[in-house]
Structures are given as C-alpha cells and as structure tokens.
Amino acid sequence: MNAYTDILMESSYFPSNGKIKRYLDGSYSISSFYNKASSSFKSGHYTTIFSYNVKSYAKLLYRFLKKYSYMQCDKINSILVCGLGNENFIVDSLGNYTCDKLTPIKNVLYTLTPSVYGKTGIESYKIVKSVIKSLSPSIVFAIDSIATKDKKKLCNCIQITTAGITPGGGVNNNTRALNSDSLNIPIVAIGFPVILTEKEEYITTYNIDEYIKIASDIISKAITKFATRI
C-alpha cells in the first residue's frame, strides 16, 4: 500500500495548484490552506504548525484554536473536548492524556474520552453525538493521534482544522467521521503525528511517551486558556 497520511498538505490529494499561506520564523513554520472536499479530506480550513521544538507551539495553537472557533461561531458558551483514542496504547493515548490534564468548568468546559470500538463495542461518533444531544455545547474540540508519511514531521508538528477528524484513520481503521455535518455542530480538530507510515509498516519513535506527555500538556493549556476567556 502507499504511505498513508492524515496531514492534508503532504497528501497526494492536495491540489497541485493549491495556494498555501506560509509564515516562517527561526523556530517554527506555519502553513495554512482552505481545502475543497476531496475523496480523503473534507472541505475546511487546515493549518500545520511545524517545529523541532514542540514547546514553541503553545501560543500558536491557542491563536489558531481561537481563530477557527470564532470563524464558525458568533458566540461560544460551552465546549465539549473529545479525547479520542485508546488509553491502553501510549501511541494512541494523546486524546486521553489531554483530557486528563483539563479541569472541567461547570457549564463551560466538558471533557469526554469515548475510547475505541474494540473496547466498548460503540463507535466514538455515537457516544459523542449522544453527549452533544444531552449537553448542547457550542463547539466540539476533538483531539487525536494522527499519521504522517514525512519523517521530519513525526512528533514535530500539529495540524488544526475545521474539517473534523476520523477516529482510527491513522491506522486505516476508519470509523464514522466527527465533523460539522455528522455532528450538526461546529468542530475544531487537533492532530499530533505520532505514527510514520512507510509502505506496509507503522513506525514511531522510541521515546513516544515523552512526546505524548509534552503535546498533551501544550494542547490542554491552550484549551484551558481559551475556555477561561470565552
């Protein structure tokens, strides 16, 4: 099979004439693009923040979290944070680690870790949809581990998008997508590439646990900052 990626701008589906807005700094680069729907990537705004110093993401992530949230909502009263993935496998535990570091705020910030179909027998989509129906949040933030086919991006970038995310997509174990169409609510998805795909192999780094802890810390702080300022 061809190397798989969850990152739009390194995908074969990325249009050859696509116009990317780029910003380069000494320690990081930002690439943003509006995608029209393709067979693998839903339409929406995509931004990739790349840096070899993961800790430099904090302020940038908050900035784009705010930008993409208010791009879809005039007013935000409450947020449902969905930490996707399997907490029993460190490479797939980003969403769980992030939610563990968040402190819920009554009627403002909710957290949900729906786990995976293999453990619950229930697709994440169904769990998230039922909680949305109960709580009626203004927006969903979905956090998940994703895949890249570019070695230099492994654990060195974050993708943030208004297009949503498909749980299990990084290992071709696709379930129903979480997006604004399926959930009937605005969504911002944050993905951190922890898997490198090379033909038939899925590869990660030996110290992935350290990267998961750092990335979840950065993401949880950006969400907390956002939630306390709405």
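This note goes through the helices, the nonpolar cores, the cysteines and one loop lysine of a predicted model.

1. Basis. Local features need pLDDT of at least 70 in this predicted model and side-chain atom pairs count only at pLDDT 80 or more, while totals for chains, interfaces and linings use all residues. Residues are numbered from 1 along each chain as its sequence is written, and side-chain values use heavy atoms, with hydrogens and water left out.

2. Helix α1. Helices are DSSP runs of H or I with at least four residues, strands are runs of E with at least two, and both are numbered from the N terminus. The 13 residues of α1 (residues 58-70) should span 18 Å, and the end C-alpha atoms are 19 Å apart, which agrees; the expected span is 1.5 Å times one less than the number of residues. Buried residues (under 20% relative accessible area, 1.4 Å probe, protein chains only; exposed is over 50%, partly exposed in between) of α1 are L60, L61, Y62, F64, L65, Y68 and S69. Their cover includes β2 (29-35), β3 (44-50), β8 (187-198) and α6 (208-227), where contact means heavy atoms within 4.5 Å.

3. Helix α4. Residues 124-135 form this helix, which reaches 16 Å from first to last C-alpha, close to the 16 Å expected. S124, Y125, I127, V128, V131 and I132 are buried. They lie on the same side of α4, because they cover an arc of only 165° around the axis, taken from the directions from the helix axis to the C-beta atoms. Exposed K126, K133 and S134 are on the face turned away from the buried side. After α4 comes S136, with a positive phi near 50°.

4. Nonpolar cores. A core is a set of buried Ala, Val, Leu, Ile, Met, Phe, Trp, Tyr and Cys residues joined through side-chain atoms within 4.5 Å. The largest has 64 residues, of which I79, V81, F141 and I223 touch the most other members. The most is given by α6, with 9 residues. Another core, of 6 residues, lies apart from it and includes L8, M9, F33 and A163.

5. Cysteines. The whole structure has 0 disulfides, a disulfide being a pair of cysteine sulfur atoms within 2.5 Å. The sulfur of C73 is too far for a bond, because the closest cysteine sulfur, in C82, is 14 Å away. C155 is in no disulfide either, with the sulfur of C157, the nearest, 9.3 Å away.

6. K153. This lysine sits in the loop between β6 (139-148) and β7 (157-161). K153 counts as buried because its relative accessibility is 16%. Leaving out residues up to four places away in sequence, K153 touches I7, E10, F50, T148 and P193.
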